[in-house]
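Trainee: Please walk me through a structure. I would like to learn how to read its features one by one.

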Amino acid sequence: SESNQINLYKAVKFPLTWKLEKVLIKNVSAVDINIFNKNNYWWLFTNVDLSRTKYPNFKDHSQELNIYYSTELISDSWTPHPENPVVINSEKARGAGFLKDKNNLIRVSQKKGFGNQYGKGISFNKIIKLSESKYSEENIEHMNFLNFPNDFYIHHIDKEEELVVFDGRSIKN
């Protein structure tokens, strides 16, 4: 978000050496970017902080989910979805990954807590419609992580076929 652009990196020597492949979108304060290919389009889901235009010292990437799309991954022409922001809700806008289950695409979202805390819960949102003109999803489940240690927060989870990737963050007082 600090660079005010969305960058695509390529692994030179995975997992430690990366190089900038392409700046996909400029002049945007964005976090938690997820990119995938579906129906001949590349879809980029991200949380954009639009408040900085009015309040330069305020930072909030948890309120709004935005989508961009392109026919090519490495492209200068990422089109903002006409319904952006497609989700306005601090309880479910912040992206936390995607799960592909048979023909279903599930968008995982982080639950925002007090202050800058997020990840004490996640929601599973089934994508009903994803096209160049329409987006809709429905919440199918919400999980709270009340039994996790007080300093652990869920950040991201992805699943495709039998591969699951999961991460979190730990905050020490």
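Mentor: We will go through the fold, the aromatic pairs and the pockets. Keep in mind that this is a predicted model.

Trainee: How many helices and strands are in the protein chain?

Mentor: Start with the element count. The protein chain has zero helices and 13 strands. Read from the N terminus, the order is therefore β-β-β-β-β-β-β-β-β-β-β-β-β.

Trainee: Which share of contacts joins residues at least 24 apart?

Mentor: Take contacts in the protein chain between residues at least 6 apart in sequence. Of these, 41% join residues at least 24 apart.

Trainee: Now the rings. How many aromatic pairs does the structure hold?

Mentor: Eight. To classify a pair, look at the angle between planes: over 60 degrees counts as edge-to-face. Phe45 and Phe98 have ring centres 5.1 Å apart and planes at 80 degrees, so they form an edge-to-face pair.

Trainee: Where do Phe45 and Phe98 lie?

Mentor: Phe45 is in strand S4 (residues 41-48), and Phe98 is in strand S8 (residues 95-101). The pair therefore ties together parts 53 residues apart in sequence.

Trainee: Is Phe45 buried or exposed?

Mentor: Phe45 is buried, at 2% relative accessibility. Phe98 is buried too, with a relative accessible area of 6%. Ring pairs also put both into a cluster with Phe36 and Tyr135.

Trainee: How should I read a pocket?

Mentor: Rolling a probe the size of a water molecule over the atoms shows where empty space is left. Here the largest pocket has a volume of about 350 Å³. Its lining has 14 residues, and Asn34, Ile35, Phe98, Asp158 and Glu160 lie nearest the centre.

Trainee: Which elements give two or more residues to that lining?

Mentor: S3 (30-38), S8, S12 (152-160) and S13 (163-170) do. S3 gives the most, with five residues. By class, the lining has seven nonpolar, three polar and four charged residues.

Trainee: What lines the second largest pocket?

Mentor: Asp32, Ile33, His155, His156, Ile157, Val165, Phe166 and Asp167 line the second largest pocket. Its volume is about 260 Å³. S3, S12 and S13 each supply at least two of the lining residues. By class, this lining has four nonpolar, two polar and two charged residues.

Key:
Residues are numbered from 1 along each chain as its sequence is written. This is a predicted model: local features need pLDDT of at least 70, side-chain atom pairs count only at pLDDT 80 or more; totals for chains, interfaces and linings use all residues. Side-chain values use heavy atoms; hydrogens and water are left out. Helices (H or I, at least four residues) and strands (E, at least two) are DSSP runs, numbered from the N terminus. Contact means heavy atoms within 4.5 Å. Rings of Phe, Tyr and Trp (its six-membered ring) pair if their centres lie within 6.5 Å; planes under 30 degrees apart count as stacked, over 60 as edge-to-face and the rest as tilted. Buried means under 20% relative accessible area, exposed over 50%, partly exposed in between (1.4 Å probe, protein chains only). On a 1 Å grid over the protein atoms alone, a cavity is a set of points where a 1.4 Å probe fits but cannot get out, and a pocket is an open set with protein on both sides within 12 Å along at least five of seven lines; lining residues have an atom within 4 Å of a point. Grid points are joined across faces, edges and corners, and a volume is the space filled by probe spheres set on the points. Ala, Val, Leu, Ile, Met, Phe, Trp, Tyr, Cys and Pro count as nonpolar, Asp, Glu, Lys and Arg as charged, and the others, Gly among them, as polar.
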